[in-house]
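Visitor: I would like to learn how to read the strands, sheets and contacts of a structure. Could you take me through them one feature at a time?

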There are 2 protein chains.
Amino acid sequence: MPDQSAVSVASASHPSAARRSTPHPPACADDPSAPHPAWLPDSAFAAVGSRRVLTAGEGLLVDTVRLEIAQATAAFSGTVADVPHDDTQPDLVLALLDHAPQTVADVASALREAGPLGEEGFVLARRAGTTVVLATHGAGLLAGMFHVVRLGESAFSADITPERHAPAHALRKLDHWDNIDVHPVMGQVERGYSGGSVFYADGGLRTDLSRVRGYARLLAASGINRVTINNVNVHASEALLLTRRLADVAALADVFRPYGIRTHLAVSFAAPILLGGMSTADPHDSTVASWWEQVTRTVHAAVPDFGGYVVKADSEGQPGPFSYGRDHADGANMLARALAPYGGVVHWRAFVYDNHQDWRDRSTDRARAAYDHFAPLDGRFDDNVVVQVKLGPIDFQVREPVSPVLAAMPRTRLAVELQVTQEYTGQQKHVCYLAPQWSEVMGFRPWGQDGPAVSDITTGAPSPDARRSVRDPHAGGGLAAVSNVGMDQFWTGHPLAQANLYAVGRLAWDPSLTPSAILAEWSALTFGADDPVVASTVQTMLTGSRDTYEAYTAPLGVGFMVHPGHHYGPGIDGYEYTPWGTYHFADRDGVGVDRTRASGTGYTGQYPQPWAAIYEDLDQCPDELLLFFHHVPYTHVLRSGSTVIQHIYDTHFSGVEQVDAMARSWSGLAGLVAPDVYDRVQERLEEQQRCAREWRDQVNTYFFRKSGVPDERGRQIF
Amino acid sequence: MPDQSAVSVASASHPSAARRSTPHPPACADDPSAPHPAWLPDSAFAAVGSRRVLTAGEGLLVDTVRLEIAQATAAFSGTVADVPHDDTQPDLVLALLDHAPQTVADVASALREAGPLGEEGFVLARRAGTTVVLATHGAGLLAGMFHVVRLGESAFSADITPERHAPAHALRKLDHWDNIDVHPVMGQVERGYSGGSVFYADGGLRTDLSRVRGYARLLAASGINRVTINNVNVHASEALLLTRRLADVAALADVFRPYGIRTHLAVSFAAPILLGGMSTADPHDSTVASWWEQVTRTVHAAVPDFGGYVVKADSEGQPGPFSYGRDHADGANMLARALAPYGGVVHWRAFVYDNHQDWRDRSTDRARAAYDHFAPLDGRFDDNVVVQVKLGPIDFQVREPVSPVLAAMPRTRLAVELQVTQEYTGQQKHVCYLAPQWSEVMGFRPWGQDGPAVSDITTGAPSPDARRSVRDPHAGGGLAAVSNVGMDQFWTGHPLAQANLYAVGRLAWDPSLTPSAILAEWSALTFGADDPVVASTVQTMLTGSRDTYEAYTAPLGVGFMVHPGHHYGPGIDGYEYTPWGTYHFADRDGVGVDRTRASGTGYTGQYPQPWAAIYEDLDQCPDELLLFFHHVPYTHVLRSGSTVIQHIYDTHFSGVEQVDAMARSWSGLAGLVAPDVYDRVQERLEEQQRCAREWRDQVNTYFFRKSGVPDERGRQIF
């Protein structure tokens, strides 16, 4: 029952004292162990914090809203109250619909008329000097509050006709590839470039979880509502999170919960054997299913809002249903049925392929694998299974075509999986703003310009395509993304890589946002909205950074020319003779992989029209994907008019020039951004410059040695 | 004072009971933890053990001789005594000269007339039904006993005119690259392929050193007299062996000492800083020199026969005198002066080069580095410094020219360093008998056929070359070799790799022994001398195995086409764009490194004539080193009549065929050798076959893609 009197009211006090008492990580520059505030520095709350704020409602997340507002108003001399004053009109009302004061009845009725908002939606309006956020649930109110923070002063100027806001994706999940134990090769965070795990240390859960709380807050402000707390490659210690270490899961869930984030667990499909002492993990064995039901019941008891399981099965050495002659649907559904009573979801990864391929065998094509495995299973997955599909068919390269699986399973809930951690895109030593790539994927229309986009598939929006019959407009599988954070002072190693973490949450909430708009938001929050030089420099540096990275690394969609194992820096032939299925087939005459139906692996046939035809046709295939789909002579003339070999030279020279320009731009910010941020970015840019030169020279030399074709412009090739 | 009565006499008893009581590792087949007896199975002692043996002399090593004879006679129904019986004539007399019984006075006087034998020499004779071994020291007597064991029955048949035996090299050292702690990347034994360290486990010295004793015995029987007990890359825990862990050194020295082996320690040049808390390790700083003197005094007190220090300085990240503006002679001499009072030696490695080379810079040549660093220092090193020179200029490739440093320092004691552990030669998964390579190096005559051989330089033999002025005929630096043993059941991973360990000791003792003769000895000792099928199969398999390995791996001396890091399996471009200075410069036209004076790095000029001219001249350069010295078109015709490209194809196809033939040969030994040995070799041969195919296909494909030249014989290239 609502009880407004139970809510405490904070009054304004000395700002610096208030800052010292904040429970989230302070922006205290003289404490080197304090993490950087990222997109939530105190200053981001200036507009809200200086207002008279009225809050109304109750519940855990409303308490979080009140705490945030209390801190902000304490810091910036505003006020917060939970009952209207007769004498002063509030500047901002943040209220649950059921508790909305009479003064905002007009907005409330506008909300009611428009139909259900969902748990996370909110309505924003401004009229008569008051900005109003109404929501039916605490999660929506929290989202609305962070929306107002993001708007800053503009939330308090012109009138706003009531606007409905709700997330496009119900499931907006960040996956952590964190290990409890430090893996001898992969480190504590697999593919992590930001120090140790924020969750685990010294063989167990960290004792101080204040950084996790700060992290939860950042994620909530960006749009994430689910977090998987361990690596999909589930090792021995981490497997125990499901049972003996369940208290650790509960402790983390307790930290995430006040910010509206539900906790998921990556589990080993072999858990019944590893943990249950059983002799099988066969999904058709009823004792196995019972074991999962019992374990899941226990998990739910400890974590009432438990999100579900994430599974990498029968891939890269992980166990799965294949061992028992079952398929992915059998495996996923068994887990789904254990979770169903509690509203849990199984995220089953489609990243399945033969990692013991013979490089001599050109008929096997790793790009085909996910489709070949999963498309035939469409319609077989339970409603609470989400098939989690990497954005491209290979593995998070800087340029890949969109995975055809996303268009191949109309009767399945599909999530697109993105990689925020920059495994193949510079490992947070290089500036590489990935939102443009993600936006491209979300906006890709597999059936052509008149058909639905990938975001329609992942959101579960009704589709104009007759073949699609989504059961429920909200049945999309959402978005999953591999986190890039760690114990690094700046969370992400490279301060500018925070933009990727921010962007993934924002795109998950609203995939129609442009990368540029997200960047502007992030930059204003992080660096302040006042300095146009900082804003425009950061925009310039980041906007084209993915194209720049692509320019000096792997040309024309060829991919995987990376150093084997750690995947940093060039290794042109690094994967050429390996079992990993990642080849470029460069010889003295040409380069690229023939994936056509006419003469290659037939991968182009996994796309619907028009893309099947476009990719198949050498003359129509987009330049940037040419070598992904075709093997061509070095002298092949691209649609751009350049030859392949000259394109390689040109982009590698210009890529380095772009990095140099980026470094020059940054040096213009000396004194304009915090010294620690400046220095860290500066240091990383120097490494990026060094590494970009290495890429340029190795790629150019490699292809010059192979082709014998000199650079038209006579530049130095070693 | 001699006291013959103090020596115990063992009488014959039941052989198996005697075997159970042996202190060295028994050949007990049903105990899987018992190491294989290698070249000292009980059966090797049959001839000696069935004789009436008279021993005379005293001292630690004479006791070892008596213990060995006691065990042998116990097992094979012979007798041993230390006083002559009046009634029976002994079959074998093993005596120190001072204690020789009157009955062998003739041999004793022959010995005295011929001049000093040295500590390790002995005289062997047989006349009137008695075989006689006389020595002036226990070490010589022990060596003589093992010599008789090696001769077997032939030591007891025809008369033998007194023969003098003495080791050609005074210093015959085996280096262990063992770590106490398991290194996260390199493992416990750096470049070890035989399991954990025989010395260390669980962060300290092993509690059970019985395997070390067995190892010491094997080494003594092969000819080794020095062992370095830790990695030349000295990490934190291992650095402490010099001080806090000195008791571990003493304990190992106690185990090696009864077999005539002195213990050496690899030390960090920065030890005064790391261990001494000093601010410098400058060799010209008198407090640094004093620190080393004091530490060395303590070492000597704990290990009275301490051998000395082994140092890798200013190379691959190890600290050295360069940090203080000093040179290698300054550094080495400081340590040498600390050791001199105790007869210790400094082994200073010449393996120094720039490992941060830029692959774009063709003027820097790693092959030149050791000569460039060390040749100018000739004459500057103290008498108890040995400069330890890798056999080739790069790094233990299957084919390299002999290091020119060996001919460049006539006024310096030089040791040649060999690698028994097969880092680049199949890692004990492949059969690769290395004695042919070592013999080639020992027999190489840098000044042409009329000049001295490398073995003359390392033994310190008087040289016919006028420029050489060795101060002492025994002043050579000897031989050093990196061990290949570990806790593996067969010591060396691959049972046939034991032949390399045996051979290095024998070549150290006598570099004039042929690889084939050594192989026959090893095979007879290991597998027994009775079965001609086993002997001839093993001879056939091993004799050409190095040529076979060369055939299917890196062609024509080009080297280093290995997988980076672990160095196993092909990686044709693996090191091509790295800072390690190991390139092949293959392009679409040709391959190889131009190291000529005329147009290349000038490395050929580091050799004396005639080799400087031979290597410089494309027409004279030996085929097997062509690509080491020259960059040539693929169509270049070799001295063999084949083109370079066709040679690559031919050798790679034939190399695999040779491995297949090897495997077929081995399968003929089923039932003829012990099942565990058979199975292990069989299993490794399968891996060698797999890997050889991988080498063949990758190398052939690589060069076909580059050259575009098809195989003349139309075989399959992928």
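**Reading strands, sheets and contacts**

Guide: In this predicted model, Val310(B) stands opposite His347(B) in strand 15 of chain B.

Visitor: How many bridges join strand 14 of chain B to strand 15 of chain B, and in which sense do they run, parallel or antiparallel?

Guide: The general idea is that strands of a sheet pair through backbone hydrogen bonds, either parallel or antiparallel. Here strand 14 of chain B is joined by 4 bridges to strand 15 (residues 345-349) of chain B, and the two run parallel. Strand 14 (residues 308-311) of chain B also pairs in the parallel sense with strand 13 (residues 262-266) of chain B, over 3 bridges, and there Tyr309(B) of strand 14 is the bridge partner of Leu265(B).

Visitor: Which helix makes a β-α-β unit with strand 14 and strand 15 of chain B?

Guide: That is helix 11 (residues 328-339) of chain B, and the β-α-β unit that it makes with these two strands is right-handed.

Visitor: In what order do the 6 strands of the open sheet in chain B come?

Guide: The order in that open sheet of chain B is 2-1-3-5-4-6, with mixed pairing. Strand 2 (79-81) and strand 6 (160-165) of chain B are the edge strands, each of them pairing on one side only, and from one strand to the next the twist averages 15°. Within this order, strand 3 (residues 92-96) and strand 5 (residues 130-135) of chain B run parallel and are joined by 5 bridges, with Leu96(B) having Ala135(B) as its bridge partner in strand 5.

Visitor: Which strands of chain B does helix 5 of chain B lie across?

Guide: Helix 5 (residues 138-151) of chain B lies across strand 3, strand 4 (122-127), strand 5 and strand 6 of that chain, and runs at about 150° to strand 5.

Visitor: Turning to contacts, how many residues do domain 1 and domain 2 of chain A each give to the contact?

Guide: In general, the size of an interface is often given as the accessible area lost when the parts come together. Counted by residues instead, the contact takes 16 from domain 1 of chain A and 19 from domain 2 of chain A. On the domain 1 side, helix 3 (60-76) and helix 5 (138-151) of chain A are the elements that give two or more residues, and the residues of that side divide into 12 nonpolar, 3 polar and 1 charged.

Visitor: And how many residues does each chain give to the contact of chain A with chain B?

Guide: Chain A gives 14 residues and chain B gives 14 residues, and those on the chain A side divide into 5 nonpolar, 2 polar and 7 charged.

Key: Residues numbered from 1 in each chain as written. Chains lettered and ligands numbered in written order. Predicted model: local features only at pLDDT ≥ 70, side-chain atom pairs only at ≥ 80, totals over all residues. Contact = placed C-beta atoms within 7 Å. Nonpolar A, V, L, I, M, F, W, Y, C, P; charged D, E, K, R; others polar. Pairing = 2+ DSSP bridges. Right-handed = clockwise from strand over helix to strand, strands pointing away. Axes fitted to C-alpha atoms, helices over the stretch in contact; angles between N-to-C directions.
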